[in-house]
Amino acid sequence: MNKEEHSFEQAYARLEEIMQKLNTSQTSLEDSIKLYEEADHLIKTCNKKLVNAEQKVQKLIKTRDASVATTPEGAPQMESFNPVQEQYINRNIPS
């Protein structure tokens, strides 16, 4: 697979394939490096998707009784993400 955009599930499944291949087969050094590079990209993709999902969840405004505040249309109400929280979530992970 190339570096096209993957869903989280696709990227994770491909990571599992790469790990199995590296752990169970006779892979040349050159192929191992290519697989490692692909895995590195997939890990970054998965991480970004998880961070984005976590940020979306944190943006939901909760009322005191723990129910979700909604817009007049019934959608969950959102608020701007606090940059201090973003620094904590990213935990100095390179992009």
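Student: What is the mean pLDDT of the protein, and what share of its residues reach 70 or more?

Tutor: The mean is 77, and 67% of the residues reach 70 or more. pLDDT is the predictor's confidence in each residue, from 0 to 100. This is a predicted model: local features need pLDDT of at least 70, side-chain atom pairs count only at 80 or more, and totals for chains, interfaces and linings use all residues. Residues are numbered from 1 along each chain as its sequence is written, and side-chain values use heavy atoms, with hydrogens and water left out.

Student: What makes the pattern α-α-α?

Tutor: The secondary structure comes to 3 helices and 0 strands. Read along the sequence, that is α-α-α. Helices (H or I, at least four residues) and strands (E, at least two) are DSSP runs, numbered from the N terminus.

Student: Why is arginine 14 called buried?

Tutor: Buried means under 20% relative accessible area, exposed over 50%, and partly exposed in between (1.4 Å probe, protein chains only). Arginine 14 has 16% relative accessibility, so arginine 14 counts as buried. Its place is in helix H1 (residues 8–24).

Student: Which side chains make polar contacts with the side chain of arginine 14?

Tutor: The side chain of glutamate 17 does, at 3.0 Å. The side chain of glutamate 38 does too, at 2.8 Å. A polar contact is a pair of N or O atoms within 3.5 Å; within protein, one must be able to donate a hydrogen and the other to accept it, and residues adjacent in sequence count only if both atoms are side-chain atoms.

Student: What makes up the largest nonpolar core?

Tutor: It has 7 residues: Ala11, Leu15, Ile18, Leu35, Ala39, Leu42 and Cys46. H2 gives the most, with 4 residues. A nonpolar core is a set of buried Ala, Val, Leu, Ile, Met, Phe, Trp, Tyr and Cys residues joined through side-chain atoms within 4.5 Å. In soluble globular proteins, nonpolar side chains tend to be buried together.

Student: Which residues are in contact with isoleucine 18, leaving aside its neighbours within four places in sequence?

Tutor: Leu35, Glu38, Ala39 and Leu42. Contact means heavy atoms within 4.5 Å.

Student: Why is the pair of phenylalanine 8 and tyrosine 12 called stacked?

Tutor: Rings of Phe, Tyr and Trp (its six-membered ring) pair if their centres lie within 6.5 Å; planes under 30 degrees apart count as stacked, over 60 as edge-to-face and the rest as tilted. A search of the whole structure finds 1 aromatic pair. The ring centres of phenylalanine 8 and tyrosine 12 are 6.0 Å apart and the planes stand at 20 degrees, so the pair is stacked. The two residues are 4 apart in helix H1, which means a separation of about one helical turn.

Student: Are phenylalanine 8 and tyrosine 12 buried or partly exposed?

Tutor: Phenylalanine 8 has a relative accessible area of 26%, so phenylalanine 8 is partly exposed. Tyrosine 12 is at 44% and therefore also counts as partly exposed.

Student: How do you know that glutamate 5 is exposed?

Tutor: Its relative accessible area is 63%, so glutamate 5 is exposed. Glutamate 5 lies in the segment before H1. Leaving aside neighbours within four places in sequence, glutamate 5 is in contact with Thr45 and Lys49. Its C-alpha atom is 9.4 Å from that of leucine 42, 37 residues apart along the chain.

Student: What is in contact with lysine 49, leaving aside its neighbours within four places in sequence?

Tutor: Glu5, His6, Ser7 and Phe8. Lysine 49 sits in helix H2. Its relative accessible area is 28%, so lysine 49 is partly exposed. Lysine 49 and histidine 6 are 43 residues apart in sequence and 9.9 Å apart in space, C-alpha to C-alpha.

Student: How many of the 95 residues are buried, as a percentage?

Tutor: Buried residues make up 17%.
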